Amino acid sequence: MDCLGTSLLHPPFREINFSVIGQYVDYLVKEQGVKNIFVNGTTGEGLSLSISERRRVAEEWVTKGRNKLDQVVIHVGALSLKESQELAQHAAEIGADGIAVIAPFFLKPWNKDVLINFLKEVAAAAPALPFYYYHIPALTGVKIRAEEVLDGIQEKIPTFQGLKFSDTDLLDFGQCVDQNRQRQFAFLFGVDEQLLSALVMGATGAVGSTYNYLGKKTNQMLEAFERKDFSSALNHQFCIQRFINFVVKLGFGVSQTKAIMTLVSGIPMGPPRLPLQKASREFTDNAEAKLRSLDFLSFNDLKDGNLEACS
């Protein structure tokens, strides 16, 4: 799961509110049953932060999560190889449990070998840390199939541990699993509304934005799947889909995710950083009503003042 809130200090600049990270760790663990964190990813607007900000965010999550979280994985992808290496080395120094990297998306790698060479250089900067490839072609524009990237990757990157797959191409995902059954890779699925399908195909975990506020419901689905109660698991997935389908029609993205995270947790996530715009009050009101209708949120769950950052 990836998460990070920013708070508005001096318009038009959005500065990070580091003081709430410890509080948010406690919320995720106690309220949502989330014990593994993916820091500085999409929801956390990691690529909209400066390198110094990303370093400090990583430090806060590692420090505040100590003895509370099982794993803190830091996303260290950047357009610059040097910056990715710096972030990877820093993650190792502060005691992170792993690093993840997306493909550079301005001057893009044009084939598998070029991409692997980039990933290899980043991984080498933190040779003791587990390394994950973050596949998210809709945002990077890098259309190299994950199946191709995984072919022989451990021979070139010995620390390769697994894949975060954020794409709807279940054929590609299925082949990643099928062709690597003899390897102990982690296959982490990143499309929350399709998680049950990915579990059937061999996903070993999930990383996604909705686990910030639907973690409890998703854990119920995972538990039903583990005990082979597929009817209950499907009902949980459909329930999650009802909410996601509803907010997608309203216009759903990082800004709206932050508004919902504030609504459910009671912890002010603040507005996003430009060029993103904060969610409208109309969106928040509609999302709250839908959460209540699906029994995801009761009146007792709503914390005092938690709508202020979204108004």
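Which side chains meet in a salt bridge at 3.8 Å, N to O? They are those of Arg 145 and Asp 172. A salt bridge here is a side-chain nitrogen of Lys or Arg within 4 Å of a carboxyl oxygen of Asp or Glu. Arg 145 lies in the loop between helix H5 (137-140) and H6, and Asp 172 in helix H8 (residues 170-178), so the pair ties together parts that are 27 residues apart in sequence. Salt bridges that share partners join Arg 145, Glu 147, Asp 169 and Asp 172 into one network. Arg 145 is partly exposed at 25% relative accessibility, whereas Asp 172 is buried at 2%. Buried means under 20% relative accessible area, exposed over 50%, and partly exposed in between (1.4 Å probe, protein chains only).

This is a predicted model: local features need pLDDT of at least 70, side-chain atom pairs count only at pLDDT 80 or more, and totals for chains, interfaces and linings use all residues. Residues are numbered from 1 along each chain as its sequence is written, and side-chain values use heavy atoms, with hydrogens and water left out. Helices (H or I, at least four residues) and strands (E, at least two) are DSSP runs, numbered from the N terminus.

The structure holds 16 salt bridges. One of them pairs Glu 53 with Arg 273, with the closest N and O atoms 2.8 Å apart. This pair links distant parts of the chain, 220 residues apart: Glu 53 sits in helix H2, Arg 273 in the loop between helix H12 (254-265) and helix H13 (281-293). Glu 53 is buried, at 15% relative accessible area. Arg 273 is buried, at 15%.

Lys 68 and Asp 26 form another salt bridge, their closest N and O atoms being 2.8 Å apart. Lys 68 is in the loop between helix H2 (51-65) and strand S4 (71-75), Asp 26 in helix H1 (residues 21-32), 42 residues apart. Lys 68 is partly exposed at 36%, and Asp 26 is partly exposed at 24%.

Now turn to helix H4. Asn 111 caps its N-terminal end: a side-chain oxygen lies 3.1 Å from the backbone nitrogen of Asp 113. The buried residues of H4 are Lys 112, Leu 115, Ile 116, Phe 118, Leu 119, Val 122 and Ala 123. They cover an arc of only 160° around the axis, which puts them on the same side of H4. That arc is taken from the directions from the helix axis to the C-beta atoms. An α-helix has 3.6 residues a turn, so residues three or four places apart point the same way.

How values were computed. A polar contact is a pair of N or O atoms within 3.5 Å; within protein, one must be able to donate a hydrogen and the other to accept it, and residues adjacent in sequence count only if both atoms are side-chain atoms.
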